[in-house]
Amino acid sequence: MTNSILLKSILNSRDDIWRLGDETPKNLEIYKSGLKELDTFLPNGGWPQIGLIEVIVEHYGLGELQLLMPLMRNLTNQDKILLWICPPYKICTSALLNAGIDIEKLLIISSEVKKKDALWAAEQALQTQEFGIVLLWQNHLKRNALHRLLLATKNNKTLGVLFKKEKTENSQSSMILKLEASSRKGLNMRTKTRKMKLQILKINGSLKPKRKKTITEIIIN
Amino acid sequence: MKNFELLALSSKTCLKNTKAHKRTRPDPSPYQKKSPSSPSLWCALFFPCLQGLQDSERKKNISELAKTISKFSSTITIESTTIIFEIKSSLRYFRGIKKLKAGIDFSVKEKLKFLDFNAIFYYGISPTLNCSSLIAKSKKNLFISKMSQIKPALNNISINYLDLDKKQKKILRNIGVEKIRDIWRLPTSGLKKRLGERALLQLKQAIDLEPELIERYSPQENFTSSYNLPYPITNENKVLLVLKKLLDKFCIFLQKRDLSTSGFLIILKNEKTENIKLCIRLRHPSISKNYFITLIKAHLENKQITSPIIKATLNAGNFQRKDHVTSSMLPTHFKDCNRKDARFELNRFIEILTARIGEESIKKPQHIDNHCPEYTALESKIDEKTLKKAPKIPQNLRPIWLLPEPRKLNKCNHQLYDSRKIFLVSGPERIESRWWKKNKTQRDYYIAEEDCGARLWVFQDKIKPGQWFVHGVFS
């Protein structure tokens, strides 16, 4: 009995040992998302600074980018470059300026490039320290392609976000966070805000999300 | 008395000394005692025919003339339309100043005729670079061999030939200064206050009170090397081996000249089809062979070699002086906090990306202040210069995504449909083009919501009533 308590205390004192059932790695550095409700919902209280996040939406334009807007604003203020690879539509600069994003620090790789080139660009960008965040819009990714992206994020301080339209059972991948976003109908006319439903499908480090709360509703612009 | 009055006094004495050689008086100026006698002799050639030419044209012609001058001197500097070069070291080789001058005259006149210009130019020879330049620009054609003769020679030159801006020249004219001799009389402290420290530097350098820094001209060289393959090759790796050999030669060429390159062209000659051209462009000049290979590999990734290659050629002509980086001597944490190094990494990334996916695929957004949404957002190429004017931040709500072309919506029983039902939520906001524009647009924009909760930016065309379009998506 005393041995098991001793072992527990030793294990608890070390942050670098992962145990089955742990929710997330403890020493994960995070970026504050800029949205209070989102910070409380996300593991460790914010977006991870390193790794690859997957955001699944029914179709692009449901409000998924609004989740990352405050983070991108902070990153451009810190002189970090944002890279958007294969965005689904043309960017309206007025909206970005409205959100306080410095468009001088935004690079876009056109959606006309081949899929393999887009993935290669994402891999290269994730290996470079210069980018604050790399956003990639791609569907139907093979497991090995996903794995290469994950490896690229391992040694660098760059966050990659993959936006996908289809939900696949690709859960064996060591994606740090997998979210499903869907928009709620009903625009608040006074505050010009709306609600978004977020569901955590996977968190790195646990077999199943053992959190009590895996679904939430967040107010976005 | 540290002012130009003393210098003026000394200039007067110099004049007296030159006029009456027998009379010797000690120089009252403390400045002249400090300055050592210059061992150099500078010749300046001023070409009035190059004035008024476009910048690129002028640079091209003056560098052609400088190439001619390089036969007579190894130290050459270019100043807009003037070439200044050191000739003292060449005097012995050309057997005296007369023969040297005759040689320069002949060669330069021939070159000017070849370049279709009037064979007229002016020269100035003196112990200082700036003095020679001023004499040549003032079209005096003088030869001064002694330091003591500099000031008398400069006395009658107008202040127009000094490197001063319009405002500074106006200030001098307002205080009655027309010629350089008038400047000697004025107190230096007062002049410094009015014109700034830099304004007097040229004069100080001309009379050898300040050291002269020169930017050496080096003639632009080209590198061309080709490799005839013993047998046709289609294998990409084998082609790369050949290119590595060419790059070896190229890097040795750069190292020997202490140069770096900002781009080169590789031509792979095909047996049957069109030649394959790999244009390597760098944002930061480089000399690294490994980096060049990385870029070539990225280029070849998207270019399939369909027919056999029989010859490979490397052409380069865009060289820069190599930056002597001493970062290896610095601790790594110092290097990390250097922003230049960080941007260097970004530039490298963009170079490799450009090599692989092409320049046209990498874009940066640009905002133009225009009320018409189609014209506010532009996507320019990465190296294109953007407008530096700070954009006005729009007040009205705008979507993040714009469709390339507005998409027509279906209307059925007063209900709008795209792929799902659409409900108008707020609006309208009238946006119309200026009345003098040809393609007149008049639209009422609304924020709409789809069944699934997606927000859309839709408009009703007022010119074609009853037609509804979706123009943007609020992400």
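First, a term: two residues are in contact if their C-beta atoms, placed from the backbone, lie within 7 Å. This is a predicted model, where local features need pLDDT of at least 70, side-chain atom pairs count only at pLDDT 80 or more, and totals for chains, interfaces and linings use all residues. Residues are numbered from 1 along each chain as its sequence is written, with chains lettered from A and ligands numbered from 1 in the order in which they are written.

Now, Ala377(B). Which residues does Ala377(B) contact, leaving aside neighbours within four places in sequence? From chain A, Lys90(A), Ile91(A), Cys92(A) and Thr93(A). From chain B, Pro365(B), His367(B) and Leu402(B). The C-alpha atoms of Ala377(B) and Pro365(B) are 6.8 Å apart, at twelve residues along the chain.

Ala377(B) sits in strand 12 of chain B, residues 377-381. Strands (E, at least two residues) and helices (H or I, at least four) are DSSP runs, numbered from the N terminus.

Buried or exposed? Ala377(B) is buried, because 21 other C-beta atoms lie within 10 Å. The cut-offs: buried is 20 or more such atoms within 10 Å, exposed is 12 or fewer, partly exposed is in between, with C-beta atoms placed from the backbone.

Next, two of those contacts again. Lys90(A) has Leu402(B), in strand 13 of chain B, as its bridge partner.

Methods. Pairing = 2+ DSSP bridges.
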